[in-house]
Each structure stands twice: as C-alpha cells, then as structure tokens.
Amino acid sequence: RDLDTTLGKRMDDAVKAYDRDAARKVVASARLLGLERGRIAALEARAEGIAKPGDRVKDPLGELTLVLNNDRMVGVPGVAISRGKYAEFARATGRAPALCREKASPLRLLAPRTWESPGFDQGPSGPVVCVSWQDADAFARWYSQRTGTKYRLPTAAEAQQVGRSDGAKSVGEWVSDCAANGCTRRVTLGRTWRGANGSRPLDAQRGYDDVGFRLVRE
C-alpha cells in the first residue's frame, strides 16, 4: 500500500508538470518493484495520456497550447488577458492606473486614457490595454498567489510559438525580455490597430492603447 501511494504521488507530480519522462520512470519503478498488474496498467495509461508540445489544455485563463522551452513544458494562451479579468485584479489590489499616451500629448490632458477608458468602446471580454509592463508583471504575481499555480509573462520565443486570436482591435503584447540596460524598456510583440508590427522597445512604466499582455502557465 505504501508503495502504491508513493508511486501514485510521483505520477501525480509528473502529470501536473506534463513530464512524460518522469511518468515513464514511475512505470518502470512499478514493474521493477513488483506492483500489481492492474496498478501498473493504470500508471501506464496515465503516463501515455500526458499532453505533448502542440496539444491544447484547459485553464482558468482560457485554452492553452503547450510548448517546450529549455526542456520545460509551459502553456501559452492564444488570447490576451481581458479587461474584465484585469478589473478583478485592480479592485482586489487597489492598483492605480498607469499613464497612457505620451506625457507631451495635449490629448492626455484633455481626455486622460486609462485601462478603464482607453479611448474606444471595449467590453469586459476585450483585451486590456493602457497597462504598463509593471502592471502586467504585478498581475502575474497576484494571479499566481491567488491560484497557487505559477503564471508569468512569456518570453519572446514562447510568445512567437503560438498564434493569437485578435479581436476587433489587434493589440501588441508585453513579453518578459528587456529592451535596454536595467530593463527600463521592455519588448512588445505583434501587429496592432495603430499599424505597429513586430518587436518594439517601450517604456516599462507606461501604458499604451495598443498594447496588452498574455501570461504563460508553468
């Protein structure tokens, strides 16, 4: 019974981490140690059922596509964090909105832009914009603590492995990569409704009305 419990726990850990090699080692251990045939078959079935790179899995943030990065499996969503989901974070933490648009812009003084009022109509399911890289990173830490699962901003390499589901207004996305010494500027990727495309280095403390973010799950 102790052996069955121990191997079952190791299989649980392997399944949770999408680690097929670790799962197969559990099966090999079960055979070597003489576990009952039916239990070995059950462990084999769990090992072979583990998702592979390219497979899609369910997550509270939406459907994730699994990608392999430095021998670790991570789940990358095809959609950006929604305005409604970000609103939960803002209410729970009391985080002040980031400045959105250039400081020198007279429009910022006449009609300040924030993630709540980006300057165009947007429902709760639309991608949140006018959030800084620092806002996005804070959201990731808050959501990880709330769910007990590690979420973070993707690297540029991870973000480029998965296609995006653009809505009515395409937005670029913050990634974890630094664009300058000291990381005062961070990289954004993607085509936006303002006509930007590809990689852009932007001020990490500012929000932009054509930039949102996604999170990956480890």
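**View A. Tyrosine 86, a buried ring.** Tyrosine 86 counts as buried because its relative accessibility is 1%, and the cut-off for buried is under 20%. A quick reminder for this and the other views: the model is predicted. There are 13 aromatic pairs in the structure. One of them joins tyrosine 86 to phenylalanine 213, edge-to-face, with 6.4 Å from centre to centre and 80° between the planes.

View B. What makes phenylalanine 213 count as buried? Its relative accessible area is 0%, so it falls under the 20% cut-off. Phenylalanine 139 and phenylalanine 213 pair up edge-to-face, with ring centres 5.6 Å apart and 65° between the planes. Because phenylalanine 139 sits in helix 6 (residues 133-147) and phenylalanine 213 in strand 8, this pair ties together parts 74 residues apart in sequence. Both phenylalanine 139 and phenylalanine 213 are buried.

**View D. Two arginines over rings.** Which ring does the charged end of arginine 186 sit over? That would be tryptophan 133, with 3.7 Å to the ring centre. In the other example, arginine 206 lies over the face of tyrosine 208, 4.3 Å from the centre of the ring.

**View E. Cysteine 130 and its positive phi.** Cysteine 130 is not a glycine, yet its phi is positive, at about 60°. Look for cysteine 130 in the loop between helix 5 (106-110) and helix 6. With a relative accessible area of 0%, cysteine 130 is buried.

**View F. Cysteine 183, positive phi in a loop.** Here too the residue is not a glycine: cysteine 183 has a positive phi of about 60°. The loop in view runs between strand 5 (172-178) and strand 6 (185-189), and cysteine 183 has its place there. Is cysteine 183 buried or partly exposed? Its relative accessible area is 24%, so cysteine 183 is partly exposed.

Key
Residues are numbered from 1 along each chain as its sequence is written. This is a predicted model: local features need pLDDT of at least 70, side-chain atom pairs count only at pLDDT 80 or more; totals for chains, interfaces and linings use all residues. Side-chain values use heavy atoms; hydrogens and water are left out. Rings of Phe, Tyr and Trp (its six-membered ring) pair if their centres lie within 6.5 Å; planes under 30 degrees apart count as stacked, over 60 as edge-to-face and the rest as tilted. Buried means under 20% relative accessible area, exposed over 50%, partly exposed in between (1.4 Å probe, protein chains only). Helices (H or I, at least four residues) and strands (E, at least two) are DSSP runs, numbered from the N terminus. A charge sits over a ring if NZ of Lys or CZ of Arg is within 6 Å of the ring centre and within 35 degrees of the ring normal.
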